[in-house]
Amino acid sequence: MLVFSGSSNQTLAKKLAKELKTRLGKIELTRFSNDEARVWINESNPGNQAILVQSLSAPTDQNLVEFCLIADALQRLGVKRIIAVIPWLGYSKQDKVFRAGEPLSVKVIAKMLQVVPLDKVITFDLHNLAIPGFFEVSVVNLSGRKIFREIMAQKITDKTVIAAVDAGSVKSSERFSEDLGGVPLIYMNKVRDLVTGKVAYKSMSESVAGKTVLIKDDLISTGGTLVEAAKFLKANGAARINVCATHHLYVPGAQEKLDKTAITQILVTDTIEPRSKSKKLQIISVAAMIADEIRA
Ligand code: R5P
């Protein structure tokens with residue numbers, strides 16, 4: 001089974017092919033002079049099954065179109081089963097109609113991704129557990145938690161607490177606390193202005209004075225949540241702040257803002273191709289987890 005990669009995360013696709021002891025399928029991804037994507041799979045017999053890797057990271061819409069074109073080309077070459085590996089499902093934060101007149105964007109994207117029948121979709125830490133319901137095929141929602149647990153387990157002391165930085169991260173922070181043997185949890189009260197997107201913290205459930213605070217979130221986008229959480233925690237006496245987040249979207253300027261905070265270390269995965277060399281960042285690959293899932 002060959003691994004075909006779109007442009008968005010070729011490093012991860014190569015690692016996955018290595019894990020699976022196969023190779024990358026030959027593919028040419030170029031653009032016509034009018035900027036349309038041009039895909040050519042240079043394999044005469046790609047086999048019955050193929051793996052297609054594409055994160056819907058920026059440029060999201062281009063990567064989405066590329067995914068659809070590659071899937072179509074594979075089907076035309078006789079591939080019957082396509083396992084779609086979409087480590088970061090772009091548009092997944094648009095998982096609700098927030099105001100009348102808005103689309104249910106992630107549902108539209110799910111339909112587009114199924115331009116040809118897919119065998120299954122493998123993804124990571126979806127923002128909303130209702131999202132698999134928007135697909136007609138089975139969606140395997142893997143989690144970075146396992147990787148973070150292995151690394152963080154060695155760093156837990158009796159001064160460590162886990163901070164849930166918003167209502168949405170409460171459940172996953174609680175699970176993370178259990179994973180790490182019942183590390184105490186504190187809850188932070190985040191308010192986001194829906195118009196400006198600005199984040200502010202008003203209060204938290206317990207004191208963090210002298211504590212090492214561990215934050216577990218699904219994603220870093222503008223960095224606003226972590227920047228404000230770090231300011232609030234530091235102002236309330238936190239001794240150290242470490243972060244685990246599955247997806248780093250590398251929004252321009254986000255990492256630079258995070259570099260100026262009191263956060264010591266930010267652990268992220270390679271669901272999105274790394275675009276920063278910040279010393280605070282530690283990047284862990286999810287290739288082995290994806291390979292395990294495919295082999296299973
Ligand atoms: C919120 O629901 C998410 O879990 C993240 O905390 C949030 O999306 C991060 O976004 P930003 O980095 O822009 O604050």
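**View 1. The classes of residue in the shell around the ligand.** By class, this shell in the predicted model holds six charged, six polar and two nonpolar residues, where Asp, Glu, Lys and Arg count as charged, Ala, Val, Leu, Ile, Met, Phe, Trp, Tyr, Cys and Pro as nonpolar, and the others, Gly among them, as polar. The ligand is surrounded by 14 residues, each with a heavy atom within 4 Å of it, and the closest are Lys93, Asp217, Asp218, Thr222 and Thr225. Residues are numbered from 1 along each chain as its sequence is written, and side-chain values use heavy atoms, without hydrogens and water. Local features need pLDDT of at least 70 and side-chain atom pairs count only at pLDDT 80 or more, whereas totals for chains, interfaces and linings use all residues.

View 2. A side-chain N or O atom of threonine 225 lies 2.5 Å from a ligand oxygen atom, while for glycine 223 a backbone N or O atom is 2.8 Å from an oxygen atom of the ligand. The protein covers 92% of the 370 Å² of accessible area that the ligand has on its own, as computed by the Shrake-Rupley method with a 1.4 Å probe.

View 3. The axes of H4 (residues 145-152) and H5 (residues 170-179), which are lines fitted to C-alpha atoms over the stretch in contact, come within 10 Å and cross at roughly 45 degrees. That angle makes H4 oblique to H5, because angles under 35 degrees count as roughly parallel, over 145 as roughly antiparallel, 65 to 115 as roughly perpendicular and the rest as oblique.

Note on methods:
A polar contact is a pair of N or O atoms within 3.5 Å; within protein, one must be able to donate a hydrogen and the other to accept it, and residues adjacent in sequence count only if both atoms are side-chain atoms. Axes are lines fitted to C-alpha atoms, for helices over the stretch in contact, and angles run from 0 to 180 degrees between N-to-C directions. Helices (H or I, at least four residues) and strands (E, at least two) are DSSP runs, numbered from the N terminus.
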